[in-house]
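Hi,

Here is the structure I promised to pass on. Have a look at it first, and then read my notes below.

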Amino acid sequence: MTKDECKKVVLEIIADIAPDEDLSQVKAEVRLRDQLQLDSMDFLDIVMELRKRYGIEVPEADYPQLASLDSCGEYLTPKFNALPAKP
Amino acid sequence: MKSARIVITGVGLTAPNGNSLAEFRRNLLAGVSGVEWMEVRYMGQYPAGICHFDPLKYQKKKELRVGTRAGSISIYCAREALADSGIDFAAAAKDRIGIYVGTTEHGNVETENEIYAISKFGYDTKFWSHYHNPRTVANNPAGEVSLHLGITGPAYTIGAACAAGNLGLIHAAQMLRLGEVDQALCGGVSESIHTFGIFAGFKSQGALATHADPRRASRPFDKARNGIVVSEGGCLYTLERLEDAVARGARIYGEIGGYCVNSDASDYVLPNPTRQAECVRKAVAHAGLVPSDIHIINTHATATPQGDIQECEAIRAVFGAGCPDTLINNTKSFIGHCMGAAGALELAGNLPAFSDRLVHATINVEDLDPLCALPGLVLNQARGAAKVDTILNNSFGMLGINSTLIVKRYVA
């Protein structure tokens with residue numbers, strides 16, 4: 001998985017979590033909370049959906065790594081690539 | 001203040017057969033049931049009362065994702081009631097508005113959903129939702145209204161089994177009389193159809209209705225009645241002190257006449273006609289009336305074999321003879337049992353009788369149980385009344401809670 005593909009996955013999750021938001025103009029380098037109506041419970045949703053959909057765990061100490069799409073790409077791409085291959 | 005006259009100035013509701021008072025009333029007068037088939041998790045198809053209001057009329061998708069069905073029903077009803085009341089909400093002091101929402105139960109739906117969700121993950125609780133606690137706290141439905149509308153006055157639920165809808169109104173009247181608030185949003189809501197547990201519980205009790213035609217499943221007073229149709233719904237009113245309502249030129253639906261809440265102290269589930277009769281008598285006395293002054297009795301009867309007989313026994317004890325102007329009906333025959341919303345919705349369905357003098361029927365009575373054959377029972381067809389100055393609304397619940405609320409036609 002590339003970083004861009006990873007950001008797309010995160011954006012898909014955000015689309016479900018914040019269904020009223022227009023995500024077409026989201027800037028990858030800007031903090032998500034600064035451009036979208038997301039609160040701390042919504043970030044817990046992102047963590048939960050990564051767990052449910054992909055089996056990816058984000059420890060609490062690493063939550064700041066999910067601040068922007070760019071930081072999500074940096075942090076999560078290696079985790080996606082470390083997942084066991086699907087049979 | 002403690003003797004202040006309290007009036008109803010707005011109604012917002014969603015029922016299985018109507019999403020506004022006008023639609024609800026029209027269907028009650030026309031004999032239109034709102035009961036339909038519903039797939040109940042683990043159990044299959046059962047008759048149920050499902051509401052079809054548009055939740056996106058007032059809420060955002062995210063609110064719906066995070067909140068509960070009871071919260072959504074409450075918000076819909078609150079917004080409809082406020083709009084109906086003509087209250088200038090933008091100018092109103094938000095810390096002087098109280099929200100009092102009656103509920104039979106809350107949290108079962110959300111807990112069952114979470115257990116079902118983690119069953120897909122081997123019951124690993126790390127998949128348990130972080131929204132579980134705010135969704136299941138008992139004050140959730142009232143709290144969601146407070147959040148949605150920015151109301152900062154007292155907002156809480158009143159747990160009173162199936163008497164809760166009446167208690168929402170009674171409690172609001174008390175708070176207005178105490179001067180605790182200036183306006184109240186009050187009544188009751190239910191999301192109970194979304195928990196299989198309530199269906200399974202009634203089934204285990206032998207008290208869950210069945211019928212080949214769901215529209216005929218809820219049939220209080222019929223000999224062949226076989227139990228409760230579980231329904232969701234909501235009805236919230238705006239209540240105000242009369243002087244405030246008059247000062248702003250409000251339309252007044254009716255005036256709180258009197259009420260009583262008491263307890264059987266005799267059984268977990270079986271009703272107690274002696275205590276029910278006592279509740280009705282005390283409410284009539286509280287209103288400064290005598291039984292013959294009551295023009296409509298809206299019964300609680302849920303179509304259980306024993307419960308209907310016992311309520312009829314209580315009514316007979318109070319209204320036995322000498323009440324020729326008293327007509328009796330039942331709203332559950334149209335919409336099933338809306339649990340925490342029942343009392344509030346059933347009152348709403350009768351309120352327009354103050355102006356049109358029509359009494360909606362009890363439908364689905366093909367073979368009247370002689371033990372339920374009260375004089376004045378309005379069967380299958382709505383009928384006109386010589387006068388409608390008073391409505392007496394019974395709502396009873398498990399653990400032996402009884403409530404009777406009397407609303408009077410407003411006379412300046």
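To get you started: which residue stands opposite Trp37(B) in β3(B)? The answer is Pro47(B). A word on the ground rules: this is a predicted model, where local features need pLDDT of at least 70 and side-chain atom pairs count only at pLDDT 80 or more, while totals for chains, interfaces and linings use all residues. Residues are numbered from 1 along each chain as its sequence is written, chains are lettered from A and ligands numbered from 1 in the order in which they are written, and side-chain values use heavy atoms, with hydrogens and water left out.

On confidence, chain B has a mean pLDDT (the predictor's confidence in each residue, from 0 to 100) of 97, and 100% of its residues reach 70 or more. The model's scores are ipTM 0.93 and pTM 0.97.

Back to that pair of strands. β2(B) and β3 (residues 44-49) of chain B run antiparallel and are joined by 6 bridges; strands are DSSP runs of E, at least two residues, and helices are runs of H or I, at least four, numbered from the N terminus. They belong to an open, mixed sheet of 3 strands in the order β2-β3-β7 (chain B), where pairing takes at least two DSSP bridges between two strands. β2 (35-40) and β7 (230-231) of chain B are at the edges with a single partner strand each, so one side of each has no neighbour in the sheet.

Now for where the chains meet. Chain B brings 12 residues to the contact and chain A brings 15, contact being heavy atoms within 4.5 Å. Between these chains there are 4 salt bridges, meaning a side-chain nitrogen of Lys or Arg within 4 Å of a carboxyl oxygen of Asp or Glu. Arg65(B) forms a salt bridge with Asp42(A), with the closest N and O atoms 3.5 Å apart. Helix α2 (residues 61-66) of chain B gives the most to the side of chain B that touches chain A, with 3 residues.

Over all chains, the whole structure has 27 salt bridges. Arg53(A) forms one with Asp16(A), the closest N and O atoms being 2.8 Å apart. Arg53(A) is in helix α3 (residues 40-54) of chain A and Asp16(A) in helix α1 (residues 3-17) of chain A, so the pair ties together parts 37 residues apart in sequence.

Cheers
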